[in-house]
Structures are given as C-alpha cells and as structure tokens.
Amino acid sequence: MKCIFWIAIIFLSTSCKSKNRKINVAKPEHLTENNVPQIGQYITEIFEDSKGNIWFGTLEKGVAKYDGLTLSYFTQNDGLPSNTISSIVEDKKGTLWFGTHAGLSKYDGKSFINFTEKDGLCHLRISNLLLDSNDNFWIGTWGGVCQYDGTKFTNFLIPYAPVDTYLNEDTKDWVTEIMEDSKGNIWLGRDGYGASKYDGQKFVHFTKADGLYSNNVQEIQEDKNGNIWFGTRVAEKDHPDENKRFGKGGITRCNEKGCTHFPEIEGLNNSDTYAIYKDNSGNLWISTLNNGMYRYDGKAFKNYPIPIPIMSIMEDKNGKLWFGGAGGLYAIDTKGTIANITVKGPWK
C-alpha cells in the first residue's frame with residue numbers, strides 16, 4: 001500500500017519561543033515522541049465540537065483534546081481502533097465520529113464503538129468524513145465511498161473520469177476529499193481522476209482537460225462568490241523515473257466561465273496543495289509545501305510564514321485560526337500573531 005501523502009513530507013522540526021501558559025496535562029505517556037514537546041509530529045485534523053473542545057487528530061499519537069484547561073490524549077489504549085486519525089465530525093446528537101486507518105469510531109463522551117469491514121464499511125483506511133445538510137453521512141476511504149444511515153453501510157459508486165494517467169493500482173480508489181457546496185452538490189476528489197460533482201442524480205467530472213493543473217485532486221473548497229477552488233498535487237511525483245517527477249500542481253479556481261491559475265504567486269503552481277479553508281469572514285487560507293500559508297480575501301494574497309507544510313486548518317469560535325501539519329501545530333490570533341503551539345501552549 002502506498003504511504004499516505006504526509007508520511008512523504010519531510011518532517012520540519014520547530015521550537016516554541018513564546019511564553020508558555022501552565023496547564024494540567026493528562027496522560028503524559030502519550031504526549032511526546034523522543035521527548036519532542038509538540039502535540040504531534042503530524043497534525044492531520046483539527047476540529048472544534050459543539051461544547052468548545054478542540055480536537056487534534058495525529059498521524060501517530062491518536063487524538064488530543066483541549067478543553068480550555070487540560071490537554072488529554074485518546075489512543076488505542078482507550079478504545080480507538082488506530083492511532084492514525086484522518087477526519088473528525090460531530091452529529092446532531094453531539095456524538096463524535098473519528099475516521100482512522102483501521103476503521104470508523106463513534107465516541108459518545110465515555111466510550112468508543114468501532115466499525116470495520118465486517119460491519120459493512122467499504123474500506124478500513126478512512127480519508128475523510130462528511131455529514132451533509134441532509135444528514136447524509138459520507139465516508140471517504142482508500143477503497144471508495146460509502147454512506148452510513150445509523151444501521152448499515154452502503155457503497156456509493158463513483159464513475160471514473162475518462163483520463164489517461166499514471167496510476168498506482170493501490171490508490172485508484174483513494175477518495176481524497178468530500179465537500180458540499182452552497183447549492184447542495186457533493187464534490188468528490190479521487191487520486192488520479194480529478195474531481196466529480198454529484199447533484200443527486202448525475203456526475204460531472206473536472207480534470208486537466210477542464211483546466212486543472214493535475215488530476216490528483218487533494219482539496220476542494222467553495223469561496224464566498226461561489227467559485228470552486230481545487231488543490232492538487234504534482235501527478236508526476238508518481239513517475240517510476242525519479243528524474244521525471246516534476247510537473248504542475250497547486251491551485252486552480254473554476255466557475256462557469258472557466259478556470260484560473262495564479263502563476264505570479266510563489267508556491268501555488270509547481271507544487272502540492274493539501275489544505276484550502278474558508279474562514280468565518282469568507283477569506284480563503286491556502287497551504288503550500290515550502291512557502292507558508294496564503295490568505296486570499298477575494299482581491300489579493302497575503303503570505304503568512306508558517307514554517308511547516310500544513311494539512312489541516314480550523315477557525316475556532318473566538319476567531320483564532322489553527323494550522324496543523326508536518327512538524328506540529330501553529331495558530332494565528334486575531335492580531336495576526338503566529339505561534340507554535342506545543343503541549344504547554346501558548347493556548348491564549
């Protein structure tokens with residue numbers, strides 16, 4: 001099985017230079033690896049629940065929960081099926097769902113109930129979760145998409161776009177993204193096959209032929225004007241010849257008039273984009289591998305020099321933006337101050 005993309009990203013160590021706020025840290029045996037005081041070497045998901053708790057999914061240390069006072073960790077020892085967390089959602093009952101690399105996990109605040117292929121799950125390795133506006137539960141995996149109605153899992157078949165691509169057999173059904181737009185369309189990204197829009201009846205495919213940089217779509221986001229933004233990775237990186245692993249990748253913005261690139265913005269055109277996030281003000285935050293983060297307000301791009309490749313972004317109820325990636329956790333407060341957040345903070 002081909003390794004998940006962030007394992008291939010070179011780990012960039014970081015240090016905390018700001019004053020730390022003392023907090024009560026639970027389960028110290030889960031906090032660090034080799035005594036590195038990051039919340040995790042790889043922060044793969046960030047989620048704020050309805051109670052204001054912030055959850056940090058990691059690649060190697062399970063999920064961390066910060067409740068405003070205490071940072072605590074949940075791992076396989078507590079009932080999770082895997083210590084690799086890829087996605088987190090909360091349903092209307094307040095139940096949390098964790099996508100892991102060994103199945104789906106349901107958490108009611110006290111215990112975990114896990115679901116695997118024996119229960120009908122389409123694949124153990126989960127990549128993303130979505131609860132849409134109609135309460136449909138979408139589960140993207142490395143083996144396609146399935147839906148869960150609370151009782152049973154049902155496979156959801158996506159037709160393949162007609163593309164000529166270099167594909168590894170083990171990733172052709174890797175569903176890299178599931179997103180619902182403002183019109184209720186469901187967008188699905190799949191490694192090597194671009195993106196597909198499902199309106200409830202039919203599919204429309206978006207590929208390089210339509211203007212995308214690459215058919216290896218990793219992220220899909222709608223902006224405040226209804227444009228759809230695609231983050232892609234360089235498809236040529238899969239080429240068996242290491243001297244030919246270069247090509248186009250990055251950001252494409254599309255609407256009914258066509259697609260647009262941003263060749264003047266460094267890091268958005270010949271590299272990989274793994275995170276695009278729309279904040280509460282309608283700004284887009286776009287990750288790069290080596291050029292920090294960009295904020296796009298609809299008119300111009302502003303760069304924020306976060307020194308690690310970012311995989312996950314979330315704005316909390318207080319307006320603070322959290323960025324997790326290959327190297328730990330960062331935050332930007334409402335004043336624009338960037339800080340590395342370790343197990344000791346700074347949380348405020």
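Me: Which residue is the bridge partner of E180 in β15?
Reply: The partner of E180 there is I186. Strands here are DSSP runs of E, at least two residues long, numbered from the N terminus. Keep in mind that this is a predicted model, where local features need pLDDT of at least 70 and side-chain atom pairs count only at pLDDT 80 or more, while totals for chains, interfaces and linings use all residues. Residues are numbered from 1 along each chain as its sequence is written, and side-chain values use heavy atoms, with hydrogens and water left out.

Me: How many bridges join β14 to β15?
Reply: There are 5 bridges between β14 (residues 175–180) and β15, and the two strands run antiparallel. Two strands pair if DSSP finds at least two bridges between them.

Me: What about the turn there, which residue takes a positive phi?
Reply: G184 does, with phi near 90°, in a hairpin that has 5 residues between the strands β14 and β15.

Me: And on to β16, how many bridges join β15 to that one?
Reply: β15 and β16 are joined by 4 bridges and also run antiparallel. I186 has Y198 as its bridge partner in β16. The hairpin of β15 and β16 has 4 residues between the strands, and G192 takes a positive phi near 95° in that hairpin.

Me: Why is β15 described as largely enclosed by the rest of the structure?
Reply: Because 5 of the 5 residues of β15 are buried. Buried means under 20% relative accessible area, exposed over 50%, and partly exposed in between, with a 1.4 Å probe and protein chains only. Both faces of the strand are covered: I186, L188 and R190 are buried on one side, W187 and G189 on the other.

Me: Now holes. How many cavities of 30 Å³ or more does a search of the whole structure find?
Reply: The search finds 2. A cavity is a set of points, on a 1 Å grid over the protein atoms alone, where a 1.4 Å probe fits but cannot get out; lining residues have an atom within 4 Å of a point. The largest cavity holds about 40 Å³ of space, a volume being the space filled by probe spheres set on the points, which are joined across faces, edges and corners.

Me: Which residues line the largest one?
Reply: I158, L188, G189, R190, Y193, G194, A195 and S196. β15 (186–190) and β16 (195–198) are the elements that give two or more residues to this lining. The most comes from β15, with 3 residues.

Me: Rings, then. How many aromatic pairs are found in the whole structure?
Reply: The search finds 35. Rings of Phe, Tyr and Trp (its six-membered ring) pair if their centres lie within 6.5 Å; planes under 30 degrees apart count as stacked, over 60 as edge-to-face and the rest as tilted. One of the pairs is F74 with Y107, tilted, at 5.6 Å centre to centre and 55° between the planes. F74 is in β5 (residues 70–74) and Y107 in β8 (residues 103–107), 33 residues apart.

Me: Is F74 buried or exposed?
Reply: Buried, with a relative accessible area of 14%. Y107 is buried too, at 7%.

Definitions and conventions:
On a 1 Å grid over the protein atoms alone, a cavity is a set of points where a 1.4 Å probe fits but cannot get out, and a pocket is an open set with protein on both sides within 12 Å along at least five of seven lines; lining residues have an atom within 4 Å of a point.
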